[in-house]
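The sequence and structure are shown below.

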Amino acid sequence: MVNYNQAFEAAVAAVRAEGRYRVFADIERIKGSFPKAHYHPEGGEETREITVWCSNDYLGMGQHPNVVNAMREAVDKVGAGAGGTRNIAGTTHFHVRLERSLADLHGKESALLFTSGYVSNEATLSTIARILPDCVILSDELNHASMIEGIRGGRSVKRIWRHNDLEHLEDMLSELPLERPKVIAFESVYSMDGDIAPLPEICDLAEKYNAFTYLDEVHAVGLYGPRGGGIAERDGVSDRIDIIEGTLGKAFGVMGGYIAANAAIIDAIRSYASGFIFTTALSPVLVAGALASVETLKVSPQLREVHQERAARLKSLLTDAGLPVMPSVSHIVPVKVGDPVQCKKVTDYLLQCHNIYVQPINYPTVPKGTERLRLTPTPLHTDDHMFALLEALDDAWTALSLQRVA
Ligand SMILES: *Cc1c(COP(=O)(O)O)cnc(C)c1O
């Protein structure tokens, strides 16, 4: 007899044994007091006020008055849900306007919404492989799980190039016949290390070897470029990237995902991608909020400047305190712990003793041995928040005898 429950329990026990069992923090963010939140220990009703240091709402747009008001107006006007798939009664005027706004953001002819960034990667990459016969997908080794799933789903040949290694990528491209379809799939800002891909050089290679480019800008849209069009906009290469993919759930502070590309590509993905076709369209309330956020950030370069200043400030404070900040050229500030059990202990300690919330980042999100804290300072994290964080980290590093940098 198969003991089904035992199989599931054993699977969880294995995760626990490695010290990477995931515990979700039960929190309620406090609108108007970002980055503060109420924390419910053990999911009970009593709460403690904490400071959130690990949110992907990088600019606090999830609480921006333009966004919140747009959502309130939308729910009053059209109600809660879309009421159907995009093809069957679910395309609202909000969807049409947001797709236009996103196409404009990236300087592309068209854009297409999905229910999340994950779904946009999974659905698009798997569809590309079906549309381009006999194609080879060249995937950066640190690509996000959603890209990996999409590539797997397309069942094309896949080659993995070493992270951001142009020579390795060129070796692979040069070995393939010029006329064989090739897709280079990569990200701009890699969200766990905070490094940035050399976009212009990758575009040069793509042009030299006649390859198609697919770029995940999830951690860059809203944050980089004069209008928040991402690293491709910052580097002036948006027109050299075939498909730009982004999320509405991180810097834009709401929910949803999208791709932007020329009209023929968008029309094809719209017509073939199962993950786009067979699912209820995003709620118009979410879409209205995302539209307000995208439009607001197009004209808010000062918010992006403060964001970068805050990240640089935190990196320098941590470095001065001898804490092991990992090198990062972006707004992401990783601090290395190097062990999953210690990593969880540090974050428990920060929450219990200092009311500071940072989620531990363990395998498989990052390679084993590089477990870390991933700090995400926003324009709303003040110097005082940073000093409190430093004091707490210093205390935790001493209490747990963790390694410092000389
Ligand atoms: C978070 C993330 C996604 C998925 O986006 P969601 O909108 O959260 O589903 C895709 N790619 C990368 C690199 C991400 O970090």
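The sections that follow treat pockets, the cavity, strands and helices in turn.

## The largest pocket

The model is a predicted one. Its largest pocket has a volume of about 1,400 Å³. The lining is made up of 47 residues, and those closest to the centre of the pocket are His-144, Ser-191, Met-192, Ile-361 and Thr-365. Strand S1 (27-29), H5, H6, S13 and S14 are the elements that give two or more residues to this lining.

In terms of residue class, the lining of the largest pocket comprises 21 nonpolar, 15 polar and 11 charged residues.

## The second largest pocket

The second largest pocket has a volume of about 260 Å³. Of the 17 residues that line this pocket, Val-23, Tyr-39, Lys-344, Asp-348 and Leu-351 lie nearest the centre. Helix H14 (residues 340-354) provides the largest share of the lining, with five residues. Classified by type, the lining of the second largest pocket has eight nonpolar, five polar and four charged residues.

## The enclosed cavity

The structure holds one cavity of 30 Å³ or more, and the volume of the largest cavity is about 80 Å³. Residues lining the largest cavity include Arg-86, His-95, Leu-113, Phe-114 and Thr-115, as well as Gly-275, Phe-276 and Leu-282.

Two elements, strand S4 (110-114) and helix H11 (274-277), each supply at least two residues of the cavity lining. Five nonpolar, five polar and one charged residues make up this lining.

Strand S9 (residues 243-247) is largely enclosed by the rest of the structure, because five of its five residues are buried. Both faces of S9 are covered: Ile-243, Glu-245 and Thr-247 are buried on one side, and Ile-244 and Gly-246 are buried on the other. In a regular strand, side chains alternate between the two faces of the sheet.

S9 is joined to S8 by three bridges, and these two strands run parallel. Here Leu-215 stands opposite Ile-244 in S9. Four bridges join S9 to strand S10 (residues 257-261), and this pair runs antiparallel. Gly-246 stands opposite Tyr-258 in S10.

## The three-stranded sheet

An open sheet is formed by three strands in the order S11-S14-S13, with antiparallel pairing. Strand S11 (333-336) and strand S13 (360-361) stand at the edges with a single partner strand each, so one side of each is left without a neighbour in the sheet.

S11 and strand S14 (residues 372-375) run antiparallel and are joined by four bridges. The bridge partner of Val-335 in S14 is Leu-373. S13 and S14 also contribute to the lining of the largest pocket.

## Helix H6

Which residues of helix H6 (residues 145-154) are buried? They are Ser-146, Met-147, Gly-150, Ile-151 and Gly-154. Viewed down the axis of H6, these buried residues fall within an arc of 135°, so they line one face of the helix. Their cover includes helix H5 (117-131) together with strand S5 (136-140), strand S6 (157-161), strand S7 (182-187) and strand S8 (212-216).

Just after H6, Arg-155 takes a positive phi of about 55°.

## Helix H8

The buried residues in helix H8 (residues 199-208) are Leu-199, Ile-202, Cys-203, Leu-205 and Ala-206. Because they cover an arc of only 160° around the axis, they lie on the same side of H8. Among the elements that cover them are S6, helix H7 (166-174), S7, S8 and helix H9 (231-234).

Just after H8, Asn-210 takes a positive phi of about 55°.

## Ile-231 in helix H9

Ile-231 lies in helix H9 and counts as buried at 0% relative accessibility. Is the surface of Ile-231 buried or exposed under the cut-off used? With buried meaning under 20% relative accessible area, Ile-231 at 0% counts as buried.

Leaving aside its neighbours within four places in sequence, Ile-231 is in contact with Ser-188, Val-189, Ile-196, Leu-199, Glu-217, Ala-220 and Tyr-224. One of these, Leu-199, is among the buried residues of H8. The C-alpha atoms of Ile-231 and Arg-152 are separated by 26 Å, and the two residues are 79 residues apart along the chain.

Key
Residues are numbered from 1 along each chain as its sequence is written. This is a predicted model: local features need pLDDT of at least 70, side-chain atom pairs count only at pLDDT 80 or more; totals for chains, interfaces and linings use all residues. Side-chain values use heavy atoms; hydrogens and water are left out. On a 1 Å grid over the protein atoms alone, a cavity is a set of points where a 1.4 Å probe fits but cannot get out, and a pocket is an open set with protein on both sides within 12 Å along at least five of seven lines; lining residues have an atom within 4 Å of a point. Grid points are joined across faces, edges and corners, and a volume is the space filled by probe spheres set on the points. Ala, Val, Leu, Ile, Met, Phe, Trp, Tyr, Cys and Pro count as nonpolar, Asp, Glu, Lys and Arg as charged, and the others, Gly among them, as polar. Buried means under 20% relative accessible area, exposed over 50%, partly exposed in between (1.4 Å probe, protein chains only). The arc is that of the directions from the helix axis to the C-beta atoms. Contact means heavy atoms within 4.5 Å. Two strands pair if DSSP finds at least two bridges between them.
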